[in-house]
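Work through the exercises below with the sequence and the structure side by side. Try each task before reading its solution.

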Amino acid sequence: MFGSARRIAILTEGNTTPLLAKTAASVLRYRRDEVVAIIDSTAIGADAGALLEVGEGPVVVGALADVPEADTLLLGISPAGGALPPGWRATILEAIDRDMTVVSGLHAFLADDREIAARAEARGTALVDLRRYDRRPIARAEGLDETRLRVLTVGQDCCVGKMVTAIELARGLRDSGRDAVFLATGQTGIAIAGSGAPIDAVPADFIAGAAERLVLEHQDHDILVGEGQGSLAHPSFSGVTLALLHGFAPHAMILCLECDRPATKGLDHVPLTPLETIFPLYESMAALRAPSRIIGLALNTRRLDEAAARARCRELGERFGLPATDVLRFGAAPLVEAVAAFRRGAPA
């Protein structure tokens, strides 16, 4: 299992930036002690943490041969379309020949690539496709334990910090003595948590079922914190978001947004949907399955300096009467308390 302790080399060749290498950045942030190197021949000698904006990290090396201690190769990007970058094949084959586990979050599965699969089979080496999900569960809207609190992160738009917010919230709840678990629904979250359901790789009819099954499998915990995907307001990904929302059936939601984002992610001609529209949209769509409400705001303030970021958190918090924070800059404590307060008032 990729969830066990590893010595991970992350391949980001030519893509070592926070936006292009989101998988690498998040794994480095949350599994830092296991990452031995970032591989990118265009950035040799640089501090990987600085390039990926996640604090101090290992030095970037130029080739897999520079990290003989690594036992796992992780492909650290997930480009649009999810195809294997042509120049990466040789490094993957080299890793297989070194008997390393190779982990990929691409839509194109390594195990379906004839050359790579044949080499791995011959060597007895594991290929882990994080987005592979062979189940076909149908959501039944039954079996959910209503004594367990379900919290889902949702977004004004895509790529606003839903995964990070869910991880930090679950961690904060555990640190405060509560039994909480982070439930991953994307390839990067699965790489961090070691398990989950990659819902963007699940056929449409089964997305809600995959989310529901994820809940059913973790109801031994008191608080389930789910990683949201997409946005109800995004023209490309609203269907995934709605199916996840109905399968997970959250009692409460944390709304995530990026401050000063100029337009919808990837669609510069589509303006962002106003927050005043987003609030009732999520709550009414969730209510088709079960009552739910937004109880906190998670702001991505990367475009703002610290003073402006604090002011924006304060402004939006007062505007909507909810706790608001940037979980990376200022911590998740306000959201932890919001969940705890909701838990105390939630029906048992």
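The exercises concern a predicted model, and each task is followed by a worked solution.

**Exercise 1. A loop residue**

Task: Find where Gln156 lies, decide whether Gln156 is buried or exposed, and list what Gln156 contacts beyond its neighbours in sequence.

Solution: 
- Step 1. Gln156 sits in the loop that runs from strand S7 (149-155) to helix H5 (162-175).
- Step 2. The relative accessibility of Gln156 is 9%. The limit for buried is under 20%, so Gln156 counts as buried.
- Step 3. With neighbours within four places in sequence left aside, Gln156 touches Ser231, Ala233, Leu255, Cys256 and Leu257, and also Leu272, Thr273, Pro274, Leu275 and Ile278.

**Exercise 2. Salt bridges**

Solution: 
- Step 1. Side chains of opposite charge can pair when their charged atoms come close.
- Step 2. Asp157 and Arg261 are both buried.
- Step 3. Asp157 and Arg261 also belong to a network of salt bridges that includes Glu258, Arg302 and Arg303.
- Step 4. Arg343 is in helix H11 (residues 333-345) and Asp222 is in the loop between helix H7 (207-216) and strand S9 (223-226), so the pair ties together parts 121 residues apart in sequence. Asp222 has 22% relative accessibility and counts as partly exposed.
- Step 5. Arg319 is partly exposed at 42% relative accessibility, and Glu276 is partly exposed at 45%.

**Exercise 3. Aromatic pairing**

Task: How many aromatic pairs does a search of the whole structure find, and what is the geometry of Phe279 and Phe320?

Solution: 
- Step 1. The search of the whole structure finds one aromatic pair.
- Step 2. Phe279 and Phe320 form a pair with 4.5 Å from centre to centre and 10° between the planes. Planes under 30 degrees apart count as stacked, so this pair is stacked.
- Step 3. The pair links distant parts of the chain, with Phe279 in helix H9 (residues 275-287) and Phe320 in helix H10 (residues 306-320), 41 residues apart.
- Step 4. Phe279 is buried, its relative accessible area being 11%.

**Exercise 4. Helix packing**

Task: Describe how H5 packs with H11 and how helix H8 (residues 238-248) crosses H9.

Solution: 
- Step 1. Two packed helices are described by the angle between their axes and the distance between the axes.
- Step 2. The axes of H5 and H11 are 9 Å apart, and the packing angle is about 65°. The two helices are therefore roughly perpendicular to each other. Their crossing is right-handed. Thr165, Leu169, Gly172 and Leu173 of H5 make the contact with Leu335, Val336 and Val339 of H11.
- Step 3. The axes of H8 and H9 come within 9 Å and cross at roughly 55°, which makes H8 oblique to H9. H8 passes H9 in a right-handed crossing. On the H8 side the contact involves Thr241, Leu242, Leu245 and His246, and on the H9 side Tyr282, Met285 and Ala286.

**Exercise 5. The surroundings of H8**

Task: Which residues of H8 are buried, and what do the buried residues of H8 pack against?

Solution: 
- Step 1. The buried residues in H8 are Thr241, Ala243, Leu244, Leu245, Gly247 and Phe248.
- Step 2. These buried residues pack against S7, strand S8 (180-183), H7, S9, S10 and H9.
- Step 3. Just after H8, Ala249 has a positive phi of about 50°.

Note on methods: Residues are numbered from 1 along each chain as its sequence is written. This is a predicted model: local features need pLDDT of at least 70, side-chain atom pairs count only at pLDDT 80 or more; totals for chains, interfaces and linings use all residues. Side-chain values use heavy atoms; hydrogens and water are left out. Helices (H or I, at least four residues) and strands (E, at least two) are DSSP runs, numbered from the N terminus. Buried means under 20% relative accessible area, exposed over 50%, partly exposed in between (1.4 Å probe, protein chains only). Contact means heavy atoms within 4.5 Å. Rings of Phe, Tyr and Trp (its six-membered ring) pair if their centres lie within 6.5 Å; planes under 30 degrees apart count as stacked, over 60 as edge-to-face and the rest as tilted. A salt bridge is a side-chain nitrogen of Lys or Arg within 4 Å of a carboxyl oxygen of Asp or Glu. Axes are lines fitted to C-alpha atoms, for helices over the stretch in contact, and angles run from 0 to 180 degrees between N-to-C directions. Angles under 35 degrees count as roughly parallel, over 145 as roughly antiparallel, 65 to 115 as roughly perpendicular and the rest as oblique. A crossing is left-handed if the near helix is turned anticlockwise from the far one by less than a right angle, and right-handed if clockwise.
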